[in-house]
Amino acid sequence: MKKIISIITLTFLSLFFVACDNKSEIKSEKKEEKQVLKVGMELAYPPFEMSDKDGNPQGVSVDFAKKLGDYLGKEVVIENTAWSGLIPSLKTGKIDLIISSMTITDERKKSIDFSIPYAQTALAILANKESNVNSIDDLNVAGKKIAVKKGSTGHIYATENLKNAEILVFDKENACVLEVVQGKADGFLYDQLTIYKNYAQHKDTTVALLKPFQKDFEYWGVALRQNDPLKDQVNEFITKAKADGTFATFAQTHLKDAKATFDELNIPFFF
């Protein structure tokens with residue numbers, strides 16, 4: 001009888017310890033999961049968001065995300081997501097943050113939240129050399145064609161302010177550039193750095209009009225879900241990174257030539 005009781009006791013204890021181990025594993029897995037920070041970005045916008053020849057994420061935003069992860073004590077996982085899918089992915093919890101050169105706008109703030117700004121920029125024009133476009137007013141003319149990336153601030157600006165021109169909407173930045181290079185569009189509206197970069201690659205066929213034509217600058221922020229407590233920590237990191245030279249290092253690493261050009265033209269730089 002004692003032997004039977006001992007066996008039952010041992011069996012019960014074994015099951016108890018197995019259950020405890022399982023609970024510990026589950027807790028450990030949950031803890032490990034919490035240490036991952038999923039950052040969404042579209043890897044199609046060099047030098048901010050791009051991939052190297054092996055497909056590994058690279059660029060200013062990637063370095064920014066990794067430094068933020070270090071500050072938060074979290075492992076960063078970059079989720080390459082199409083531009084149109086970034087905000088839906090954030091709202092449904094597929095990603096935790098968006099760091100993808102996203103402009104802070106009132107319209108976007110209706111459904112998501114933003115950190116304090118980490119960069120400033122303005123729209124600029126990549127014009128075809130034969131288009132005789134020297135200013136934004138030269139584009140707002142019947143017969144002129146303007147290429148814009150769908151959903152971008154360039155798209156919004158053109159729709160609201162350039163009603164005399166024909167607006168050509170594309171999903172990809174490269175498609176907009178190609179339209180201008182081939183003379184199918186007179187100009188492409190996008191942020192200053194992208195315009196500078198594409199002009200540098202197509203000097204024979206394009207000109208870059210980098211001086212801002214908008215009244216106010218645009219500001220980029222880290223996008224978060226509304227009421228996300230992580231926002232305070234992200235803001236703390238951005239403030240610290242601006243003060244300690246972290247953002248200056250990003251510029252020196254990825255944007256050295258562009259910064260020199262902006263300084264020469266007396267145009268305020270991103271950081």
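I will start at the pocket. Helix α3 (residues 83-91) gives the largest share of the lining of the largest pocket, 3 residues. Helices here are DSSP runs of H or I with at least four residues, strands are runs of E with at least two, and both are numbered from the N terminus. A word on the source: this is a predicted model, in which local features need pLDDT of at least 70, side-chain atom pairs count only at pLDDT 80 or more, and totals for chains, interfaces and linings use all residues. Residues are numbered from 1 along each chain as its sequence is written, and side-chain values use heavy atoms, with hydrogens and water left out.

Back to the pocket. The search runs on a 1 Å grid over the protein atoms alone: a cavity is a set of points where a 1.4 Å probe fits but cannot get out, a pocket is an open set with protein on both sides within 12 Å along at least five of seven lines, and lining residues have an atom within 4 Å of a point. Grid points are joined across faces, edges and corners, and a volume is the space filled by probe spheres set on the points.

The largest pocket holds about 410 Å³ of space. Its lining has 17 residues, and Trp83, Ser84, Arg108, Lys150 and Gly151 lie nearest the centre. By class, the lining of this pocket has 5 nonpolar, 4 polar and 8 charged residues. Nonpolar means Ala, Val, Leu, Ile, Met, Phe, Trp, Tyr, Cys and Pro; charged means Asp, Glu, Lys and Arg; the others, Gly among them, are polar. Domain 1 (36-120 + 219-265) and domain 2 (123-209) each supply at least three residues to the pocket lining; the bounds come from an automatic or database domain assignment.

The largest cavity has a volume of about 190 Å³. It is lined by 18 residues, with Trp83, Ser101, Ser152, Tyr190 and Asp191 nearest its centre. Two or more lining residues come from each of α4 (153-161), β11 (187-191) and β13 (218-220). The cavity lining divides into 5 nonpolar, 7 polar and 6 charged residues. Here too, domain 1 and domain 2 each give at least three residues.

Now helix α6 (residues 192-201). It is mostly covered, with 7 of its 10 residues buried. Buried means under 20% relative accessible area, using a 1.4 Å probe and protein chains only. The buried ones are Gln192, Leu193, Thr194, Ile195, Tyr196, Lys197 and Asn198. They pack against β7 (119-121), β8 (123-128), α5 (173-181), β11, β12 (206-209) and α9 (256-264).

Why does Glu49 count as buried? Because its relative accessibility is 1%. Leaving aside neighbours within four places in sequence, its contacts (heavy atoms within 4.5 Å) include Met41, Gln58, Ser61 and Ser101. Glu49 and Ser61 are 12 residues apart in sequence, with C-alpha atoms 5.8 Å apart.

Last, confidence. The chain averages a pLDDT of 89, and 87% of the residues score at least 70; pLDDT is the predictor's confidence in each residue, from 0 to 100.

Technical notes. Buried means under 20% relative accessible area, exposed over 50%, partly exposed in between (1.4 Å probe, protein chains only).
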